[in-house]
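Open your viewer and get your selection tool ready. We will take this one stop at a time.

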2 protein chains.
Amino acid sequence: MTDLLLRNLRPMGGAAVDMRVLAGRIAEIAPSLAASGETVEDCGGAIAIPGLVEAHTHLDKTVMGLGWYENAVGTDLRAMIDNERAERHRLGLDPHRQSMRHALALVGAGCTHARSHVDIDTEHGLAMVEGVLQTRDALRGILDIEIVAFPQSGLLVRPGTLELMDKALASGADLVGGLDPSGMDRDPTGHLDAVFALAQKHGKGVDIHLHEAGTLGAFALELIMERTRALGMQGKVAVSHAFCLGMNDWHATEALIDELAACDIAILTTGAPSREVPQVKRLQAAGVRLGAGCDGVRDTWSPLNRPDMIDRARIIAMRNNLRSDADLAFALEICSTGGARVMGLEGYGLEVGCIADLTLLNAETLAEGAVSDAPRPLVVKAGRVTARNGTALRKAP
Amino acid sequence: MTDLLLRNLRPMGGAAVDMRVLAGRIAEIAPSLAASGETVEDCGGAIAIPGLVEAHTHLDKTVMGLGWYENAVGTDLRAMIDNERAERHRLGLDPHRQSMRHALALVGAGCTHARSHVDIDTEHGLAMVEGVLQTRDALRGILDIEIVAFPQSGLLVRPGTLELMDKALASGADLVGGLDPSGMDRDPTGHLDAVFALAQKHGKGVDIHLHEAGTLGAFALELIMERTRALGMQGKVAVSHAFCLGMNDWHATEALIDELAACDIAILTTGAPSREVPQVKRLQAAGVRLGAGCDGVRDTWSPLNRPDMIDRARIIAMRNNLRSDADLAFALEICSTGGARVMGLEGYGLEVGCIADLTLLNAETLAEGAVSDAPRPLVVKAGRVTARNGTALRKAP
């Protein structure tokens, strides 16, 4: 919580103003403000947007900082999962160190909040959750991290995993995760009953990976919506990926999307170019809350993703054929305000009274900000400068 | 044509060697070579690959170097085409200046060759072709540019366009272009007859934009293949985009792909994330020659593309679900050797005897080279250094 006077910044690409931050919150915005003892930062006319929100990632998975990881696994989901469990040993992937590296790269690129799924399995137990919890503590005031207890290797098919999930939630994980209830656990009803029971027991929200395409995924979505309604969990459930909503059956997907809106279930997308994906403008039109994430970054799955929500805004724009300035600004909004709405962040925004979480963009317009790879000149978290010129001030281990 | 001694480079990611270039060609490759009067460049262990090949772009379209272009047009193809024709006047887009900017950005990113479609229409006549011809001359020895005479606004629907195309081919354009024979010209047979007649008259190859999806695009492909066979033009025809090959009908697309291979018709892809696209591994397995391009860059259509074939390799990898090291090296190959094969480049490669067109990559492995945005440390064209650290030595206007 710091006092700060930001000079000559353009909130949401508008006219240049000064912004005073007192005790971590935006206290005053005006064309010109006199300093009264605060640290002063000249923003040079850069655009300001609220802090970027990485709403779907895996902080425990990256191999950043190690040598190049040679991937010979291919693209089969189970093969990639099994490979990763084994490689964690061989590579000596320390979950705290690795999540610090990943998280601080996000900060350098303008993030102020992240939701991370963290693997829990019977082979590694709670080691990954403990490592990321440690990172969450270490980065308090720099990056707010939500942790999803995530049964990456399956929940019911690996006896003992449910008990570990239970422990993780008791020791600080924020949400219950799930994964392809048919494809992984071979028991959609059993899987989702277990996930929602855990959520009820701990009074926590849910965020389920759903890669299942077509009607199989649609059935899983139906089961998720039934449980959300029956348990009164509207507003507390998110589905990540939801590739089934990209299937080529307009009427079937329309009914699902409308029902998602009615249940206030949020969707988190990566805009995966290789898969059918829910189209973001369609979700927006239906009133579905929508955030985005970069997914795993430089991990044993793939080296293609980068820890940068502006890079992700461009990918989402490409995947969803967003070209106009208005549409590109929407891509940016998904990666900031959209994620904040999914995570239910209090005090998020650039209005007076909001927490001063923001990033500057070196761009003429919001649309340019969504597609440019220029480093972010300045990142501010509750009034404290956390990054300059693309690099976090806190050094990664 | 220059003599050059490159020290400590790793061709295709292999062991470090020295490479001697004499009169523009690779003369010698050995673990250690003594200089005998050549300029010496220390490559610091960087990977060397043959020069990147931008095989589908539009050098006459970019707004690079102007202020931000605000796009309010949306995504309708005809609306985007009409908007561009009008905006060329309003923005004062000088085709020589703009193509210089675009072309030199490509050089900075490691390109040694580019194939550019160049608009021809009854409103602007041959102004764009003349501008890009001027750029081709200006950049001789820096970037080899192939020009496709391209009827962007339609061929038969705009009387007078065919005559302009004829003139462009007489005055130096290398190939005959075409565009959505049903979608734009409303006469697939007439359009393709006209395109192939021009190619026959001038003894030149063909490169047709085919955005038409599904069975309409498949029919256009059939007409193209029929004409290729009838006229003995195997090896001289390319189809850009070919979105119809991404349609969800395995048997229909398999027959088309096999027939493409039999006709030796090449495919040029951008890996467009928003469209169904031909899957690159499937084309490779069938033996179809395959290159890639970034398409238009920062133009009135969209600001999403960058003039960088490594950025494009990553997008193609994302769109085609290429993750393993072998597959990522293949993405890089499409963007270099693949394009060279489509363009029929003589002396392309890193073997002794080849023309010394190459780029260095700051990467441990070819796979890392395909996904990293690190600036290219050095670009060489026929033994002459054309770019350093991501920037062309020749200044753009």
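**Stop one: the domains of chain A**

Colour chain A by its two parts: domain 1 (4-50 + 349-390) and domain 2 (52-343), with bounds from an automatic or database domain assignment. This is a predicted model, where local features need pLDDT of at least 70, side-chain atom pairs count only at pLDDT 80 or more, and totals for chains, interfaces and linings use all residues. Residues are numbered from 1 along each chain as its sequence is written, while chains are lettered from A and ligands numbered from 1 in the order in which they are written.

Taken over C-alpha atoms, the centres of the two domains of chain A are 29 Å apart. Their contact (C-beta atoms, placed from the backbone, within 7 Å) takes 18 residues from domain 1 and 20 residues from domain 2. On the domain 1 side, select α11(A), which gives the largest share, five residues. Helices (H or I, at least four residues) and strands (E, at least two) are DSSP runs, numbered from the N terminus.

**Stop two: where the chains meet**

Next, show chains A and B together: 29 residues of chain B and 29 residues of chain A take part in the contact. On chain B, pick α9 (309-319) and α11 (366-371), each supplying at least two residues of the side that touches chain A. The largest share on that side, four residues, belongs to α9(B).

**Stop three: Arg85(B)**

Finally, go to helix α1 (residues 77-91) of chain B and select Arg85(B). Leaving out residues up to four places away in sequence, Arg85(B) touches Asp121(B), Glu123(B) and Ser153(B).

Methods: Two residues are in contact if their C-beta atoms, placed from the backbone, lie within 7 Å.
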